[in-house]
Amino acid sequence: MKEILKDLNKAFENKVRLGIMSALMVNEHLNFNRLKELLNVTDGNLASHLKSLEKSGYVAFTKEFLNRKPNTKYHITPSGQQAFKKHIKAIERLLK
């Protein structure tokens, strides 16, 4: 049991961060507004969770302008993919 628990990642304990990672695992990238819509969270709430995942190196972003409006696209990093897969596998082992 201890072995399984060590693979759970504290970065993904929060449901918003779990949702962000899940959404980015199945999409090449998502912009801020689409993530906010999918997760039904406020701007501030989403921004703080994205910042936490960025600090961990699990999520990165690019900024661009579309019709003179800023557009921030988020994507999962390779280390984010690896960490998230490990976390999900640990949950699967707990459920067996």
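Phe-61 is partly exposed, with a relative accessible area of 38%. The model is predicted, so local features need pLDDT of at least 70 and side-chain atom pairs count only at pLDDT 80 or more, while totals for chains, interfaces and linings use all residues. Residues are numbered from 1 along each chain as its sequence is written, and side-chain values use heavy atoms, without hydrogens and water.

A search of the whole structure finds three aromatic pairs. Rings of Phe, Tyr and Trp (its six-membered ring) pair if their centres lie within 6.5 Å; planes under 30 degrees apart count as stacked, over 60 as edge-to-face, and the rest as tilted. Phe-12 and Tyr-58 form a tilted pair, because their ring centres are 5.3 Å apart and their planes stand at 40°. This pair links distant parts of the chain, 46 residues apart. Phe-12 sits in the loop between helix H1 (2-5) and helix H2 (15-25). Tyr-58 sits in the loop between helix H4 (43-55) and strand S2 (59-66). Phe-12 is buried, at a relative accessible area of 1%. Tyr-58 also counts as buried, at 15% relative accessibility. Phe-12, Tyr-58 and Phe-84 form one aromatic cluster.

Phe-61 belongs to another of the aromatic pairs, with Tyr-74 as its partner. The centres of these two rings are 5.9 Å apart. The angle between the planes is 50°, and the pair is tilted. Phe-61 lies in strand S2 and Tyr-74 in strand S3 (residues 69-76), so the pair ties together parts that are 13 residues apart in sequence. Tyr-74 is buried, with a relative accessible area of 8%.

The strands were examined next. Helices (H or I, at least four residues) and strands (E, at least two) are DSSP runs, numbered from the N terminus. The protein has five helices and three strands. Along the sequence they follow the pattern α-α-β-α-α-β-β-α. The three strands make an open sheet in the order S1-S3-S2, with antiparallel pairing. S1 and S2 stand at the edges with a single partner strand each, so one side of each has no neighbour in the sheet. Two strands pair if DSSP finds at least two bridges between them.

Strand S1 (residues 30-31) pairs with S3 in the antiparallel sense over two bridges. Leu-30 has Tyr-74 in S3 as its bridge partner. S2 and S3 also run antiparallel, and eight bridges join them. Val-59 is bridged to Ile-76 in S3. Leu-66 stands opposite Lys-69 in S3. S2 and S3 form a hairpin with two residues between them. Asn-67, in the turn, has a positive phi of about 50°.

Which residues does Arg-17 contact, leaving aside its neighbours within four places in sequence? They are Ala-11, His-49, Ser-52 and Leu-53. Contact means heavy atoms within 4.5 Å. Arg-17 lies in helix H2 and counts as buried, at 17% relative accessibility. The C-alpha atoms of Arg-17 and Leu-50 are separated by 7.4 Å, although these residues are 33 apart along the chain. His-49 is found in helix H4. At 12% relative accessibility, His-49 counts as buried. Not counting residues up to four places away in sequence, His-49 touches Asn-14, Val-16, Arg-17 and Ile-20.

Values for the whole protein complete the account. The C-alpha trace spans about 55 × 25 × 20 Å along its principal axes. Of the 96 residues, 33% are buried. Among contacts between residues at least 6 apart in sequence, 56% join residues at least 24 apart. The accessible surface comes to about 6600 Å². Carbon and sulfur atoms account for 52% of this surface. The areas come from the Shrake-Rupley method with a 1.4 Å probe; for residues, only the protein chains shown count as cover. The protein has 18 positive and 9 negative charges, and their mean positions are 2 Å apart. Lys and Arg count as positive and Asp and Glu as negative, while His and the chain ends are not counted. The place of a charge is taken as NZ of Lys, CZ of Arg, CG of Asp or CD of Glu.

Conventions:
Buried means under 20% relative accessible area, exposed over 50%, partly exposed in between (1.4 Å probe, protein chains only).
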